[in-house]
Amino acid sequence: MDKPSSSANQQLALFLDSLSIQIAGAHKREDLRAILRKVSGFGRPLRYENRAYWISLSAALLTAALALLSLYFYPNNVAAPWFAAAAVLTSLVFASLIYVRRNKINGLSDALYQRDVYLDNAWQSEPYHGKSLAAQLGQQFSEFRRGNHLREISWLVKGEYQGSEHHFEYHAYNFHYVDRRQVTTTDSKGRVRTRTVYDHHYRFGLYLPFEFVRDIAISSSWFGGFFSGSYKPASVEFNRKFKVKAQNELAAAKFLKPAVVVEIEDLGKELSELNLEFSSSGQLCISYAQNICSWQRQYGLDNPEQFLREIEGDQTLTRLHNTLKRIHTLMRFSDNNF
């Protein structure tokens, strides 16, 4: 690599390292604006000069091709396979270096946009251990007893919602679980083979304090429960979609008043495979099949002006907000003032 390119790449690497520290320490929107202003003032696009790497990669691939081609004309050339293997390994090294350089800039763009999403949704990162938290939650909610091989929380944030009558904190999570099973096959020669298959599944949801209702599970994707009793409200549509398990049938009837039934029916239209579990300790876990806390940026640090305009917009997650609003409505319908 020539000296000017090397110097420019070193300068860029140091600049990206400083951006990484600033992004990690950003606590308000003005911090993000300052970072993007700094990127705009860098004087050139945030892009590594990879020309030397591309030339080396092309040369290595050409060497590998020529070494393999030589075997066609000289089948007894024992050195050719070694030259080909060495050239392929060399090309993988240069391809990896190019990928790592590009991925570093993309990763910083993702991190900055994530900070913006967290700020707009008033989220806080929560320290946690995925497997132990899933086991802990499994003591309260059947939702986290899915899977016979692995259960883990793969993402977690803490947020809060202020409604007209109730204020509550919540945790939003991604739940990953794995089912292990044995598959036996017989080939054309009658040989029997057994192999282990791991099926990966993902669920998403929220858990939060809900003091008004206890010991009830409402499920549209049934997975068992802690409660042996059952209950059916008058709504045919509700009973076609959901099953209700409860410790006490009278408590379930008191909670599932007509307004609550309609609210859950509407929520079930918005969230597929919806489950609601109200634990004996006054906690609610609402879970579903789609990720309503996902986000996708359009621009990045390679286009700081457009990126700045993007983060100036509102990144509030609409489906999450609507779900929190419906939870607030359930609280209003369940408190003593309704």
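**Strands E4 and E9.** I looked up the pairing of strand E4 (residues 192-209) with strand E9 (residues 283-288) and found it antiparallel over 6 bridges, where two strands pair if DSSP finds at least two bridges between them. Helices (H or I, at least four residues) and strands (E, at least two) are DSSP runs numbered from the N terminus. I noted that Phe204 stands opposite Tyr288 in E9.

**Basis.** I am working on a predicted model, in which local features need pLDDT of at least 70 and side-chain atom pairs count only at pLDDT 80 or more, while totals for chains, interfaces and linings use all residues. Residues are numbered from 1 along each chain as its sequence is written, and side-chain values use heavy atoms, with hydrogens and water left out.

**The sheet.** I traced an open sheet of 9 strands with antiparallel pairing, in the order E1-E2-E3-E4-E9-E8-E5-E7-E6. Its edge strands, E1 (124-125) and E6 (229-231), each pair on one side only.

**Helix H10.** I then followed H10 (residues 318-334), which lies across E2, E3, E4, E8 and E9 and runs at about 60° to E4; axes are lines fitted to C-alpha atoms, for helices over the stretch in contact (heavy atoms within 4.5 Å), and angles run from 0 to 180 degrees between N-to-C directions. Among the buried residues of H10 I listed Leu320, Leu324, Ile327 and Phe333, buried meaning under 20% relative accessible area with a 1.4 Å probe, protein chains only.

**H2 and H9.** Finally, I checked H2 (residues 29-40) and H9 (residues 304-312), whose axes come within 9 Å and cross at roughly 170°; the two are therefore roughly antiparallel (over 145 degrees). The contact includes Leu32 and Leu36 of H2 and Phe307 and Ile311 of H9.

How values were computed
Angles under 35 degrees count as roughly parallel, over 145 as roughly antiparallel, 65 to 115 as roughly perpendicular and the rest as oblique. Buried means under 20% relative accessible area, exposed over 50%, partly exposed in between (1.4 Å probe, protein chains only).
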